[in-house]
Amino acid sequence: MNQVKKFISKNAVPILFAIVCLLGVYYAQMPGQFLLMEIVKRMARNSFLVLSLIIPVVAGMGLNFGIVLGALAGQVALILSTHWEWSGIGGLLLTALLATPMAVLFGILAGMVLNKAKGREMITGMVMGFFANGVYQFIFLFLVGTVIPFENAALRISTSPGLRNTVNLTRIRGALDNIWTVQIGFTKVPIVTFLVIALLAIAIWAFFKTKLGQDFRAVGQDRHIAGVAGIQTDRNRVLAIVFSTVLAAWGQIIFLQNIGTLNTYNSHEQVGTFAIAALLIGGASVTRATIGQALMGTFLFHLLFVVSPSAGQAIFGSAQVGEYFRVFVAYGIIAISLALHAWRSRSLAKARLKEDVSA
Amino acid sequence: MSVPVLEMKKISKSFYGTQVLKDINVTVNEGEIHCLVGENGAGKSTLMNILFGMSVITDTGGYEGEVLINGKPVAFDSPKAAIGAGIGMVHQEFMLLPGFSVTENIKLNREDTKPNLFSRVLGRKLETLDRKKMAADARSALDKLGMSIDEWVPVAGLPVGYLQFVEIAREIDKENLQLLVLDEPTAVLTESEAQQFLAVVQRLASTGISILFITHRLDEVMAVADTITILKDGELVSSGPTKNYTIAQMAELMVGRKIDTKGRIGGEKKEKATKKVLEIRNLRVDMPGERLRGIDLDVYEGEILGIGGLAGHGKIALANGVMGLYASQGQVIYEGVEVPLNNPREALNRGLAFVSEDRRGVGLVLEDSIANNIVLTSMQTQDKFLKPGPLKLKDQKQITAHALQSIERFDIRCTGPDQIVRRLSGGNQQKVCIARAFTQNPKLFFVSEPTRGIDVGAKSRVLELIAELNRMGVTVVITSSELAELRSICDRIAIIYEGKLSGILSPDAPDVEYGLLMAGKSLEEVRSGERATN
């Protein structure tokens, strides 16, 4: 009995979410085939991005809202690859390769900023994302075509500066997904994409078994103690952010090759919040995140995304309400998880004090 | 005779012109347990900082004198260099990661690794941890200490006593360990844990490791030490084999009266009043590092009561607990009415005033003016300095007038009442704190560490101010680490040991009694010990 209680209180967020999802599935009355297809598609699309969040959490830097920077690096590489007309899987790999040095650079800069804002990493990361977005827009909305000569009919409208609002990624659409698919009913399962995700999961797991991974864990638990033991804490923190940013850049490329069009000025905007919401829904917290939680969270979050318009239609008579509801839930779950975490660590600290005084 | 493991010769150190260590000599031989004892501020930590090449030493101009390891002169410029030379240290606070297992903690940043495919390309940092080897090493270190705990248990949740052993296991797992420095290792242990701990220390020494043991507990010193060095005010007052000392002698040497030319500030010692102003019953205060574990104490009307004791034993927590600043349990009765705990506002409403030991953190709003700091508490709790009406607007005229008056009265050196408090010297900041407490018109006044961090001239002025307040009928409870200061001003002095009241002494009681009370002996033991020696 006690164990059941413990399990429930430990996994309150995923359980709550699973219930909401089940209700959604019940009311949406969607055909199972369709649901499966949507879920598979979305898992393939998003899992990589969500997994990119794990390393900074373990290194004690909280949820990395700064993965937006990584996503931007990925998009810049995609814009260039479209311009140079790279195509197919080779083009995709080349794009990822092109994105990597940019992501490393962004990661180093972000890591350095975060080292100046210890204890406030999450809000700093979020604002850094807004700032980077501003710079990105300045470059691609204004400089391109005016200061930077850039002539390409697929990317630009000749009458005004800046890139097109949407860029068709025809050359690399499905470059990864379509290498090998297996048909289950109506659902095409992109085996290679899932293999890549599995490979990343294994790599993260193995990474935490290495010396560097152990250092990250130590820094994540207590910077001071790790520092006294001779671990270079600041350097490790920067490295953690670099890893996360690079993975996010790759994740964004995988995401966009699945979608097939680049929303030049919006695609990256909600990368951070949605990935973080998914991770939190899986039961992760600011200080603890596992691969299982990331995958579970991605599943639940997108299940809700799929069913909520229809459920809204069925319950409230309006799909718009469902649309509204899923955004509300995404942000709401972040707020609740963060508040729960703060509340839990405070009551833990209180309990510890009580024990001490009565001892 | 073999070469000593450690020799420190004629070590001197000053910080910005203030000499904190003067010609200290310490010699530790192989397999010897050497106890370093002394009051707070005696210079023990500075000496250890020098030994470890800490940046506080190197950044402030280094030190004078010579350190020799195995007869060879060394000058460590970082703790890493000292550790490399075979010196280990167990800190007072635990340096363990709660989420790591015992093994992971023992091997922290010294993990054994084995190469894998990626590490060959990307560098040694990516080598896989050799958990088997790590566990085996941890096991053998734990076995040496006679510890049976599982090496994969997480550290969180282990009893405090075990944590200390894990720390030591980490040190002895370092292959070249020759000298282990233990900084007040038993401060957090229970009596039986401490016993077990001391046995382990002796066992370690018998394997040839030298031990430098820093402690306040004199009975421990007698139990394990081979040799003793006693420091006081940065000077070595006595050193020699343990058999040359008794506990009473050590205590006397530790706290020995400082030359005090100022004489008594508090005026004639007053006759003991009979009316209790404040009754404290079974007060427990959870202040980190300064726990109070159940104390009974009465404060009489019109007296100056001193609270003394060594650092970390809880003397600071008393005033903080009564004033509601830290989580507390128990009963506090002020003039016959119980004061609710954990509620600073209630304490202030009842006319208790407090000058905190944390002047810059709790005591002052550093970025605000002198005038606002002086009236803050009265304005908040007593509705003084406000314009009439429901809006509670500040009455700036009245505030300025009062501030000017206080500046003159308390001799606050400043450019005017609008000066920002941060820019004042420590002594003048302290005067602002006292002026604010005084503005409340308190009947009972708590003041903690009133002279900490202020220069000598201002020190006596601050103490005189407190004595002056007392003469006007305010009862004062003063907490201080400087015994001489308490003795110069108090009518009675309560000594706190390990969160409990050790005893109450008169300011002219002999040094030995103070020393023994601070070392945890009871007053009866103190007196009977004296009779025995007389």
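Analyst: Buried means under 20% relative accessible area, exposed means over 50%, and partly exposed lies in between (1.4 Å probe, protein chains only). In chain B, 55% of the 534 residues count as buried. Keep in mind that this is a predicted model, where local features need pLDDT of at least 70, side-chain atom pairs need 80 or more, and totals for chains, interfaces and linings use all residues. Residues are numbered from 1 along each chain as its sequence is written, chains are lettered from A in the order written, and side-chain values use heavy atoms, without hydrogens and water.

User: How does the radius of gyration of chain B agree with that of a compact globule?

Analyst: The radius is taken over C-alpha atoms, and the globule rule is 2.2 Å times the number of residues to the power 0.38. For 534 residues a compact globule would be near 24 Å, so the 26 Å of chain B agrees. Its C-alpha trace spans about 80 × 70 × 45 Å along the principal axes.

User: And how many residues are in contact between chain A and chain B?

Analyst: Contact means heavy atoms within 4.5 Å. Here 21 residues of chain A touch 22 of chain B.

User: What about salt bridges across the interface?

Analyst: Look for a side-chain nitrogen of Lys or Arg within 4 Å of a carboxyl oxygen of Asp or Glu. The rule finds three between chain A and chain B. A:Lys211 forms a salt bridge with B:Glu111, with the closest N and O atoms 2.6 Å apart.
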